[in-house]
Amino acid sequence: MNIKKVLLGAAALGVAVSLAACSGGRGGTGGDSGSGDNKGALVGVAMPTKTSERWIKDGDAVKSGLEKLGYKVDLEYADDKIPQQVQQISNMLTKGAKILIVASIDGTALSDQLDQAAEQGVKVIAYDRLINGNKNVDYYTTFDNYKVGVDQATSLLTGLGVLDADGKETGEKGPFNVELFAGSPDDNNATFFYNGAMDTLKKYIDDGTLVVGSGQTGFTQVATLRWDPATAQKRMQDLIASTYSGGKKVDGVLSPYDGLSIGIISALTSAGYATDALPIITGQDAEAASVKSIIAGQQYSTIYKDTRQLADEAVKMADDLLTGTKPEVNDTKSYDNKVKVVPTFLFQPTVVTKDNYKKVLVDSGYYTEADLK
Ligand code: GAL
């Protein structure tokens, strides 16, 4: 037998063996996953709040994915209250959870629990939001948060007509009156969204195409604690009162999240803006109410992040850790939690407008047409 053939055969065998080893770690759907001590292990899943539809979808998908693999799940929601989330995670550790999957409320408030987790040999996966200031964050899965901000700003510019559908400048110079909103300062994602957006808008603010009427452009000035729609509504009301009286109109609002966009739209319509003459308003999460608003021509865009992908990835990571496989990551640079760079699996966001919602949201099965009626 020719030596080359022998080597090739051996290599093929090696590939087959390592593929089998990998797929073993990913389990099947028969509930037979988990090996040794971790078979049927308890996984703690801590979610921030039920006030936003997405976290309900995330929580349900993570729970059912883990249960299909035979694990037990303790899924908790914390009503956006930090002490409640701290308590829930402590309880998960007391109950003997072997893995924690955490979408934090305040990314810096969980250090004691993470230290305790490490002492008990429990691995921690940060879900969508990075946990900061502690070395015991083992993995992270999220969407490309900087890109989300770039996409939000780009769609604001497209909606205003400054950029065309391909992202090319049209020559339109406005000037357009815009106002900026950012997310919760204790959520690491909020700065990523804001930085991505501001890096994109800066040029147009500098050359006068965009005018931030209120002058409020700093992150702390425009941030919205706990992503609270009522806080955004109040701030928009105040901005209208202070800056947009006497016929001056708002042309665009950078909003980082659909819940805030709803509050902003309420403030504008209460102040007399017609629903068919609202400013260009962005968003994020493709929540059903906001997609309906987009279809009705009120909100301009949202950013779709397929929570099914994210949930599947968190489930895979947990299963890998419980079966002794190293989870796969695709980013080892971007997410420095001030103590370490956390290995991350990143997904890509998609801009949704009236033009593509059917293709992106309905054809993919994320929503049915009926959900959006
Ligand atoms: C962020 C998340 C966004 C949005 C927001 C408010 O952390 O990345 O998609 O859901 O929280 O819930």
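Let's start with the ligand in this predicted model. Its surroundings are R54, W55, D128, R129, D187, N189, F193, W227, Q284, D285 and K305.

R54 places a polar side-chain atom 2.8 Å from a ligand oxygen. K305 has a polar side-chain atom 2.8 Å from an oxygen of the ligand. For D128, an N or O atom of the side chain is 2.7 Å from a ligand oxygen. How much of the ligand's accessible area does the protein cover? On its own the ligand has 310 Å², and the protein covers 98% of that.

Next, location. The ligand sits in the largest pocket. Two elements each give two or more residues to the shell: α2 (53–68) and α6 (188–206). And why does the ligand lie between the two domains? Because domain 1 (21–137 + 306–342) and domain 2 (145–305 + 368–372) both contribute residues to the shell.

First stop, P175. The peptide bond from G174 to P175 is cis, with omega near 0 degrees. P175 belongs to the loop between α5 (145–160) and β6 (176–180).

Then D80. This residue is not a glycine, yet its phi is positive, near 60 degrees. Look for D80 in the loop between β2 (72–77) and α3 (82–94).

Finally A286. Here too phi is positive in a non-glycine residue, near 50 degrees. A286 is in the loop that runs between β9 (280–281) and α10 (288–295).

How values were computed:
Residues are numbered from 1 along each chain as its sequence is written. This is a predicted model: local features need pLDDT of at least 70, side-chain atom pairs count only at pLDDT 80 or more; totals for chains, interfaces and linings use all residues. Side-chain values use heavy atoms; hydrogens and water are left out. A residue is near a molecule or strand if one of its heavy atoms lies within 4 Å of it. A polar contact is a pair of N or O atoms within 3.5 Å; within protein, one must be able to donate a hydrogen and the other to accept it, and residues adjacent in sequence count only if both atoms are side-chain atoms. Accessible areas come from the Shrake-Rupley method with a 1.4 Å probe; for residues, only the protein chains shown count as cover. On a 1 Å grid over the protein atoms alone, a cavity is a set of points where a 1.4 Å probe fits but cannot get out, and a pocket is an open set with protein on both sides within 12 Å along at least five of seven lines; lining residues have an atom within 4 Å of a point. A molecule sits in a cavity or pocket if more than half of its atoms lie within 2 Å of its grid points. Helices (H or I, at least four residues) and strands (E, at least two) are DSSP runs, numbered from the N terminus. Domain bounds come from an automatic or database domain assignment.
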